[in-house]
Amino acid sequence: MALTQRLEFRQSQSLVMTPQLMQAIKLLQLSNLDLAAFVESELERNPMLERAGDGADPTAADVADPAPAESTAAFADDGAGDRPLGQDSEPAPEEWMNRDLGSRAEIEQTFDSGLENVFPEEPSEAAARTAQDSAPTAFTEWGGGASNDDSYNLEAFVAAEVTLAEHLAEQLAVAMTAPARRMIGQYLIDLVDDAGYLPSDLGDVGDKLGAETGEVTAVLAVLQTFDPPGICARNLSECLAIQLREKDRYDPAMQALVEHLELLAKRDFAALRRICGVDDEDLAEMIGEIRHLDPKPGLRFGATRTQTVVPDVYVRPGPDGGWLVELNSDTLPRVLVNQSYYAELSKTILKDGDRTYFTDCLQNATWLVRALDQRARTILKVATEIVRQQDGFFTHGIAHLRPLNLKVVADAIQMHESTVSRVTANKYMATNRGIFELKYFFTASIASADGGSAHSAEAVRHHIRRLIDAEDPSAVLSDDTIVERLREGGIDIARRTVAKYREALRIPSSVQRRRDKQNLPGNPRAASPTSPDHSSDATPA
């Protein structure tokens with residue numbers, strides 16, 4: 001077979017991931033906070049980008065400023081004419097308050113005498129006035145830096161947040177003077193976690209520091225008296241005991257309750273009444289006091305501030321009975337391409353490298369603006385289709401939430417499923433029923449028992465919660481009973497699915513619910529300390 005050379009033309013199509021396309025895909029899945037940070041970094045590095053509103057015309061501002069001054073002057077001349085002040089007319093009180101009296105020299109020239117002759121003052125007033133006259137008048141004279149507005153930083157006046165370790169260290173410096181004990185106390189403070197607890201085993205602290213165990217215990221007892229109450233405890237019982245001692249409520253009955261918190265978690269009130277030796281009323285009062293204590297006192301210091309969710313889309317009822325979908329303009333970055341700046345630069349740039357750099361900046365700025373616009377349009381399109389598909393949810397509630405997947409929305413708006421998935425990530429919708437993530441409206445499908453339309457998994461979980469909340473304490477519903485109730489309502493579901501949804505909702509089993517409801521303090525069916533507990537006879541879920 002001979003080897004020959006020849007020219008061929010071949011036409012084919014392929015998808016090339018250009019940097020601009022990768023950037024557009026990245027912008028789709030960013031949240032509004034991440035998008036704001038990304039745009040901020042682009043504004044810093046790209047001279048062709050500017051915020052909308054930053055490039056206000058200063059000439060226009062100068063023209064607009066004299067208008068209030070002219071109206072003020074017209075108001076002041078009204079009724080006074082051209083008559084000199086103080087001859088034939090008495091100036092208004094407002095004019096006295098707003099009038100500038102001038103400097104001291106001008107005032108003395110007006111009265112043709114010194115101020116001390118016109119307004120005699122006491123020696124103390126004279127000393128105060130002398131000190132005031134000699135005080136610095138400029139911000140730089142106080143040693144605060146430049147006096148221009150650019151250097152004025154309000155954050156410099158904000159107090160720094162005190163951490164838990166700093167708060168405890170300040171108290172340690174006052175409570176202990178011995179260097180050895182202060183060293184042990186600081187070591188223990190360094191071991192305190194964010195919730196305010198120490199490790200349960202402190203046996204190796206003395207070995208590491210070369211101190212006796214009794215010395216470490218004595219220092220720990222002092223640390224547990226610090227603010228906030230309950231700090232430096234080794235377990236929950238000790239934390240609550242410290243707070244109860246602070247309130248002078250740590251009596252023998254309360255001590256027995258604190259030492260048996262596992263029974264309180266199981267709601268075994270019959271055993272607690274027997275151990276504490278109290279009746280239902282006293283036990284209910286003691287449990288109420290426990291609930292008012294702070295199980296994690298250290299979280300008061302240095303806690304991360306909770307960021308409020310800012311919705312990307314608003315859904316409001318329309319005048320025609322439909323729904324209005326609109327974007328939240330506060331979450332959309334407003335950036336513009338500075339074409340005039342590029343036009344000025346293109347006239348003065350001589351080097352080819354500089355011209356290429358600014359041309360690339362202009363292209364990147366143009367593409368970013370288009371990508372942001374396309375992102376906003378895609379979010380609005382996807383949100384509108386979600387509202388159309390889930391119209392029953394917005395009108396009647398969660399029980400009417402329909403099963404929905406990405407493919408249905410993608411086919412309706414003629415986009416790919418991956419695009420819809422990126423758009424719904426980290427995006428939130430504000431509705432008449434609260435704020436929901438866009439992915440909340442995409443749920444699995446549960447078949448109907450009568451062959452009708454399917455039910456969404458979220459709606460089925462809502463039905464399960466409603467059935468359990470309405471159950472009678474004397475007839476607690478088991479999972480099998482819940483399955484029968486749901487099938488009567490047209491929902492075909494298996495028992496294991498009900499158990500899975502119940503556990504996802506953090507609802508205990510029927511045995512635990514029966515025990516909780518029957519052993520509530522004040523319940524006439526609550527078991528007495530001498531009566532047997534028949535909860536084990538219930539059908540397990």
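Is Asp480 buried, partly exposed or exposed, and at what relative accessibility? Asp480 counts as partly exposed, because its relative accessibility is 37%; buried means under 20% relative accessible area, exposed over 50%, and partly exposed in between (1.4 Å probe, protein chains only).

This is a predicted model, in which local features need pLDDT of at least 70 and side-chain atom pairs count only at pLDDT 80 or more, while totals for chains, interfaces and linings use all residues. Residues are numbered from 1 along each chain as its sequence is written, and side-chain values use heavy atoms, with hydrogens and water left out.

**Salt bridges**

A salt bridge is a side-chain nitrogen of Lys or Arg within 4 Å of a carboxyl oxygen of Asp or Glu. Side chains of opposite charge can pair when their charged atoms come close.

| Pair | N to O distance | Relative accessible area |
|---|---|---|
| Arg51 and Glu40 | 2.5 Å | Arg51 34%, Glu40 32% |
| Asp251 and Arg249 | 2.9 Å | Asp251 27%, Arg249 26% |

Helices (H or I, at least four residues) and strands (E, at least two) are DSSP runs, numbered from the N terminus.

A salt bridge also joins Arg51 to Glu40. Arg51 belongs to strand β1 (residues 49–51) and Glu40 to helix α2 (residues 32–45), so the pair ties together parts that are 11 residues apart in sequence.

**Aromatic rings**

Rings of Phe, Tyr and Trp (its six-membered ring) pair if their centres lie within 6.5 Å; planes under 30 degrees apart count as stacked, over 60 as edge-to-face and the rest as tilted. The structure holds 10 aromatic pairs. In one of them, the ring centres of Phe393 and Phe394 are 5.2 Å apart and the planes stand at 75 degrees, so the pair is edge-to-face. Both Phe393 and Phe394 are buried. These two residues form one aromatic cluster together with Trp323, Phe436, Tyr440 and Phe441.

A charge sits over a ring if NZ of Lys or CZ of Arg is within 6 Å of the ring centre and within 35 degrees of the ring normal. The charged end of Arg245 sits over the ring of Tyr250, 4.6 Å from its centre. The charged end of Arg461 takes such a place over the ring of Tyr501, 5.0 Å from its centre.

**A hairpin**

Strands β5 (residues 428–431) and β6 (residues 434–437) run antiparallel and are joined by 4 bridges; two strands pair if DSSP finds at least two bridges between them. The two strands form a hairpin with 2 residues between them. Thr431 has Gly434 of β6 as its bridge partner.
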